[in-house]
Amino acid sequence: MHILVIEDEKKLAQAIQESLEHEHYEVTLAHTGEEGFFLLHAQHVDLVILDLMLPGRDGIDIVSTLRKRHTRLPVIIITARDSIEERVRGLDSGADDYLVKPFSMAELHARLRALLRRDPVAPVLTLQLADLHMDLLSRHVSRRGQPIDLTVKEFELLAYLLRHQGRTVTRDMLVRDIWKEPARVVPLDNVIDVHMARLRKKVDGIADAPLVHTVRGVGFILREQS
Amino acid sequence: MQLAPRRVRWRLSWYYAISLTLIFSVFSVCVFLFVRISCMIPIHAQLDQELALVAKAVRSNAAALAQLETEDIVPYFRISQLAPSAAAGTATTLYTSRRWNMSRFAGNARVTENGNWLLSATGRHYFGRRFIWSQAGITWHIDVAVDTEQSYVSVKKLTIALLLSWPLVLLASLGGGYFFAARVLAPIGAMADKAREITADKLSERLPVQDPNDEFGHLATVFNETVERLDTYFERLRRFTADASHELRTPLAVIRCVGENALQQTASSAQYENAIGSMLEETDSLMRLLDGLLMLTRAEAGQLALQPEPIDLAALALDVVNCLRVLAEEKHQQLCFDGASPGYVMADRATLRQALINLLANAIRYTPEHGDIGVRLVQSSAGMQVIEIRDNGPGIAAEHQSKIFERFYRIDQDRSRETGGAGLGLAIARWMITLNSGSIALESKKNKGSIFRVTLAGIGLSGT
């Protein structure tokens, strides 16, 4: 997978590059819109990550031009402008997703994966990690064969973590996807922490090897102990 | 010291001068007319009398006429006759008194029935009137005149006096106006001088109010009130800047120190991980602070796009209660919701929800363990929907109550990050409610708990 990152802030561009390369993507950096356009013509690109405030040319303008030629190329906008109008304008211009700075790399990865695997996948009915099993239909959860009794929220949380297993899930992602809260300002951090603590107790309390881990300052991750 | 502008002073003087001169002109005309009329009344009376005497004498005989003249009863008279065939104006003079002849009136002494002025060769002024009567086809003219030199001169002197004083009045009123305008306007100069001294650093200064009941006193009072508002505003701004810099600097300081420490020591990867995690946590709190501040700024600038829709407050409040219930459970608090019947309001769901979350999260945070928290939806008599968020926590002292909704306001002056947030929650809550045309009130007593009351205008969906 080849990803083109058009971002004029060099430190940020480099951080994105490193992070993506760590996940085995092929990454090309462009620091201006013109450079980005040139690279788009010269190489095959699977996805574009685009900053909206670039020197010389408005990002929205770039997206619209780009959309005319590469109709199916996924575009993720990263921007410091976070008002709802800006968001709508960005998505209207043809971008597929919109991330407000400062965003976490974990979230960028999650969005990337969602965009790159847009083809329909067979619906998953069961989720599993090590000896943790989850049946989405019967809502039955068990660890080492022992059933675990979860509340609705805890069930949703665990399912979400299991779908993203092995990858970090940020609080922002949980707020948006589980609590369906559009604004980041809503103070749900404590609520998330309480739910996670309870979930951890129920999932890991009965086993020696913990599966739920906290990534300090970033979020949570569900994985086998490495 | 710049020269004070004088335009108002001049304008006032001109207004004085013009009105005074106008009044004086009307007065002069009246005086003139009055004096003239009062002079003419005795003259006409005398003429009436003399005409009657002459007419009587004419009817009797020539001797009677002569007697009138010699005894100086009627000194100036003339009798002429107009033949029926004769052309107009060609009257034959029958008799002229000696005095009339001597006067040698100018212009052939044309006299009218209504009376007119006559000027003698010596320059004296007379007033003459003609009496016309016809008998047997013959028309008689009797002209009688009286010497009015004295009255004429008096009226003339009066006229001259009035005309001469006109420019004097104009000048005097201008000068007087200019002088008095200066006295009236004097407080403005004083106020301007004082106002010039009031700067952003010296907002405690006030304008002198000489008489609060006059216009300038009123102006000064209003100005002082404006300065007062500015003063409180600046004071708030100063506090806001101080608090904001504290809230922004603290996480930055943590990031910096933790980063430096990690670099200086050769540490294990676990220690590095710890340091980076700590820095990321601070980044997170900075980001939330920034988001909150931006949201407040947008709310104040009216830049938040709201989508009002009918919302069942009971459902929304219950949703918020359920969302935050785990927080209360962790502190073993009783959290109950009371609002069986739905109450509809027109509001933006996201902002209203955020306001309620902030209020309830606050109540849970500041109420000690095993406390009681209640959320209640009541319908007031005026069709208002009221949500009460009540706790039995420490309460809020009266001196904090008015400021509790200000940005960054914290009751504890140490602004500890252990015991509370940045102090934006209530400010955001108030704005979100204000934007939805609602109001928020606080009822609290120290150590007796608090009630936050959110009032929104209900819409008539509840009955259907």
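In chain A, H213(A) stands opposite I221(A), a residue of β12(A). The model is a predicted one. The two strands β11(A) and β12(A), the latter covering residues 219-222, run antiparallel and are joined by 4 bridges.

**The sheet of chain A**

- Three strands form an open sheet in the order β10-β12-β11 (chain A), and their pairing is antiparallel.
- The edges are taken by β10 (168-170) and β11 (212-215) of chain A; each has a single partner strand, so one side of each is left without a neighbour in the sheet.
- On average, neighbouring strands of this sheet are turned by 30° against each other, direction ignored.

**Helices on the sheet**

- Helix α6 of chain A (residues 152-163) lies across β10 and β12 of chain A and runs at about 70° to β12(A).
- Helix α8(A) also packs on the sheet, where α8(A) touches β11 and β12 of chain A; the direction of α8(A) makes about 145° with that of β11(A).
- Helix α8 of chain A has 16 residues (189-204), which at 1.5 Å a residue should span 22 Å; the end C-alpha atoms are 21 Å apart, in agreement with this.
- The buried residues of α8(A) are V191(A), I192(A), V194(A), H195(A), M196(A), L199(A), V203(A) and D204(A).
- An α-helix has 3.6 residues a turn, so residues three or four places apart point the same way.

**Contact between the chains**

- In the contact between the two chains, 23 residues of chain A meet 26 residues of chain B.
- About 2200 Å² of area is buried between chain A and chain B, and carbon and sulfur atoms give 54% of this area.
- Between chain A and chain B, 6 salt bridges are counted.

**Charged pairs across the two chains**

- Side chains of opposite charge can pair when their charged atoms come close.
- R288(B) and D189(A) form a salt bridge through their side chains, at 3.0 Å from N to O. Because R288(B) lies in helix α6 of chain B (residues 269-300) and D189(A) in helix α8 of chain A, this pair joins two chains. R288(B) has a relative accessibility of 19% and therefore counts as buried, the limit for buried being under 20%.
- A salt bridge also links R198(A) with E330(B), at 3.2 Å from N to O. R198(A) belongs to helix α8 of chain A and E330(B) to helix α7 of chain B (residues 313-330), so this pair too joins two chains. R198(A) counts as partly exposed at 22% relative accessibility, and E330(B) counts as partly exposed at 41%.
- E281(B) and R216(A) form a salt bridge whose closest N and O atoms are 3.0 Å apart. E281(B) lies in helix α6 of chain B, and R216(A) in the loop between β11 and β12 of chain A, so the pair joins two chains. The relative accessible area is 33% for E281(B), which is partly exposed, and 34% for R216(A), which is partly exposed.

**Salt bridges in the whole model**

- Salt bridges that share partners join D97(A), E107(A), R111(A), R176(A) and D177(A) into one network.
- Over all chains, the count comes to 38 salt bridges.

**A buried serine in chain B**

- S173(B) is found in helix α4 of chain B, which covers residues 149-197.
- With a relative accessibility of 6%, S173(B) counts as buried.
- Beyond its neighbours within four places in sequence, S173(B) is in contact with Y16(B), A17(B), L20(B) and T21(B).

Key
Residues are numbered from 1 along each chain as its sequence is written. Chains are lettered from A and ligands numbered from 1 in the order in which they are written. This is a predicted model: local features need pLDDT of at least 70, side-chain atom pairs count only at pLDDT 80 or more; totals for chains, interfaces and linings use all residues. Side-chain values use heavy atoms; hydrogens and water are left out. The expected span of a helix is 1.5 Å times one less than its number of residues. Buried means under 20% relative accessible area, exposed over 50%, partly exposed in between (1.4 Å probe, protein chains only). Contact means heavy atoms within 4.5 Å. Two strands pair if DSSP finds at least two bridges between them. Axes are lines fitted to C-alpha atoms, for helices over the stretch in contact, and angles run from 0 to 180 degrees between N-to-C directions. Buried area is the accessible area (1.4 Å probe) that two parts lose on being put together, summed over both. A salt bridge is a side-chain nitrogen of Lys or Arg within 4 Å of a carboxyl oxygen of Asp or Glu.
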